[in-house]
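I opened this entry to keep track of what I looked up in one model. The notes follow the order in which I checked things.

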Amino acid sequence: MSNKTSRRPKPSEGTARPAGGPKRDGSANARNATAAARSRKAGGKAAKAIRDQGMSTNMKVTLALLGVVLVGLGALFVVVQRGSDDARAAAAERVVRDDSHRLSVAADGRVTVVEFLDFECPSCAAVYPAVEQLRAEYDGRIDYVVRNYPLPMHANAMNAALAVEAAAKQDAFEGMYQKLFETQRTWGNQSQDQAATFEGYARELGLDVDRYRADVADPATAARVNTDREDGSAAGVTGTPTFFVNGERFDGQPTYAGLKAAVDAALAE
């Protein structure tokens, strides 16, 4: 019989620790990490929603402001366009006045040709035969109006305009108009005052010379010439000759053929 006694091993010897403890700690950490991730994700969604809402509001404000600007621009365009149309209409009315000199008159008044001219202008003298031919061909079918536009570069242009206006007061506008162009080479392009020459033409036309002199000196005569010139400038006249057909500026060649084409087109309307 043995005297040795058996001893139980100590719990620390040869006995494994229960596995459940550490596994429980890892699971808790995982759950915490998942919860944190979900929280961050939820926070991100909330922040995005706030940003989206802010962008939507900003967009609405931007679109509203853009709409106001577009409406304002549209209204401004209408005002500017209306003002431009009114300005053109006012200029067209000033192209010819009720008391403007008419060399030819049509019964129906459908077509009106207006010429702004300078009696000392060589180009006006050059187109004068074409104008006379046009007037003869369309006699009784068009109104032909002559208006003064003396250019400062011509020393006697204003004297000539005063002469024709003074003659008009004795119903001799056409006679003086023709005389001035037909004799332009003798008096034009000279620095000397040609008032005496024009007075001689008045005498040749059978005018009352004393009355003619008084009318030439009358400030009202110069005022009328200046009104013609101001109306021309308002209508866009910068040189001579400048023609208008029914209030529209004629920008074609100032020849018989060019003017005839414009008149025919106006009569056909």
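With which side chain does the side chain of glutamate 199 make a polar contact? I looked this up in what is a predicted model. The partner is the side chain of arginine 213, at 2.8 Å.

Glutamate 199 sits in helix α6, which runs over residues 195-204. Is glutamate 199 buried or exposed? Its relative accessible area is 18%, and the cut-off for buried is under 20%, so glutamate 199 counts as buried.

Next I took the chain as a whole. I noted nine helices and five strands in the protein chain. Along the sequence I read the order as α-β-β-α-β-α-α-α-α-α-α-β-β-α. Of the 269 residues in the protein chain, 33% are buried.

I went on to helix α8. It covers residues 219-234, 16 residues in total. From first C-alpha to last I noted a reach of 22 Å, close to the 22 Å expected at 1.5 Å a residue.

Which residues of α8 are buried? I listed Thr221, Val225, Asp228, Asp231 and Gly232. These residues lie on the same side of α8, because they cover an arc of only 125 degrees around the axis.

At the N-terminal end the cap is aspartate 218, with a side-chain oxygen 3.0 Å from the backbone nitrogen of alanine 220. Just after α8, I found glycine 236 with a positive phi of about 100 degrees.

Then I looked at how α8 packs against helix α3, residues 157-168. The axes of α3 and α8 are 9 Å apart, and the packing angle is about 110 degrees. I recorded the crossing of α3 past α8 as right-handed.

Last, I compared α3 with helix α7, residues 209-217. The crossing of α3 and α7 is right-handed.

How values were computed:
Residues are numbered from 1 along each chain as its sequence is written. This is a predicted model: local features need pLDDT of at least 70, side-chain atom pairs count only at pLDDT 80 or more; totals for chains, interfaces and linings use all residues. Side-chain values use heavy atoms; hydrogens and water are left out. Helices (H or I, at least four residues) and strands (E, at least two) are DSSP runs, numbered from the N terminus. The expected span of a helix is 1.5 Å times one less than its number of residues. Buried means under 20% relative accessible area, exposed over 50%, partly exposed in between (1.4 Å probe, protein chains only). The arc is that of the directions from the helix axis to the C-beta atoms. A polar contact is a pair of N or O atoms within 3.5 Å; within protein, one must be able to donate a hydrogen and the other to accept it, and residues adjacent in sequence count only if both atoms are side-chain atoms. Axes are lines fitted to C-alpha atoms, for helices over the stretch in contact, and angles run from 0 to 180 degrees between N-to-C directions. A crossing is left-handed if the near helix is turned anticlockwise from the far one by less than a right angle, and right-handed if clockwise.
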